Amino acid sequence: MPNFIKSHPQLLPGALSDLFAHVSVTGELTLADRYGLMAALLEEPLLTEERASIDRLLRATRAGRAQVVDKLSAVADADE
């Protein structure tokens, strides 16, 4: 089986901290953000501070400080 089929989404370096900052400012967790979180959770190994950022995002969502929205990306909204 080709190697690209076995691989999972790869998170770009620094993307998790950018995602955390974006959600902190906008209060919205977009579809693109959720895919970024999925990629982060599939990373091995996940650093302690990365895991803590993910936990903070989940707590913010449960507490109502961040909302899960059906937007693809906040960048698309900025272009309109």
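This is a predicted model: local features need pLDDT of at least 70, side-chain atom pairs count only at pLDDT 80 or more; totals for chains, interfaces and linings use all residues.
Me: Why is Thr30 called buried?
Reply: Buried means a relative accessible area under 20%, exposed means over 50%, and partly exposed lies in between (1.4 Å probe, protein chains only). Thr30 has 1% relative accessibility, so it counts as buried. You will find Thr30 in the loop between strand S1 (28-29) and H3. Its C-alpha atom is 5.3 Å from that of Val69, 39 residues apart along the chain.

Me: Why is Leu58 called partly exposed?
Reply: Leu58 has a relative accessible area of 45%, so it is partly exposed. This residue belongs to helix H4.

Me: Why does Ala66 count as buried, and what is it in contact with?
Reply: Ala66 is at 5% relative accessibility and therefore buried. It sits in the loop between H4 and strand S2 (67-68). Contact means heavy atoms within 4.5 Å; leaving aside neighbours within four places in sequence, Ala66 is in contact with Val23, Gly27, Ala60 and Thr61.

Me: Is Ser53 buried or exposed, and why?
Reply: With a relative accessible area of 11%, Ser53 is buried, because that value falls under the cut-off. Ser53 lies in helix H4.

Me: What makes the link between Ser53 and Arg56 a polar contact?
Reply: A polar contact is a pair of N or O atoms within 3.5 Å; within protein, one must be able to donate a hydrogen and the other to accept it, and residues adjacent in sequence count only if both atoms are side-chain atoms. The side chains of Ser53 and Arg56 are joined at 3.1 Å.

Me: How do you know how H3 and H4 are placed?
Reply: Two packed helices are described by the angle between their axes and the distance between the axes. Axes are lines fitted to C-alpha atoms, for helices over the stretch in contact, and angles run from 0 to 180 degrees between N-to-C directions. For helix H3 (residues 31-42) and helix H4 (residues 48-63), the axes come within 11 Å and cross at roughly 140°. Leu37, Ala40 and Leu41 in H3 meet Arg51, Ile54 and Leu57 in H4.

Me: What makes residues in the contact of H3 with H4 nonpolar, polar or charged?
Reply: Ala, Val, Leu, Ile, Met, Phe, Trp, Tyr, Cys and Pro count as nonpolar, Asp, Glu, Lys and Arg as charged, and the others, Gly among them, as polar. The contact of H3 with H4 therefore divides into five nonpolar, no polar and one charged.

Me: At what angle do H2 and H3 pack?
Reply: Helix H2 (residues 15-26) and H3 pack at about 145°, with axes 10 Å apart.

Terms used. Residues are numbered from 1 along each chain as its sequence is written. Side-chain values use heavy atoms; hydrogens and water are left out. Helices (H or I, at least four residues) and strands (E, at least two) are DSSP runs, numbered from the N terminus.
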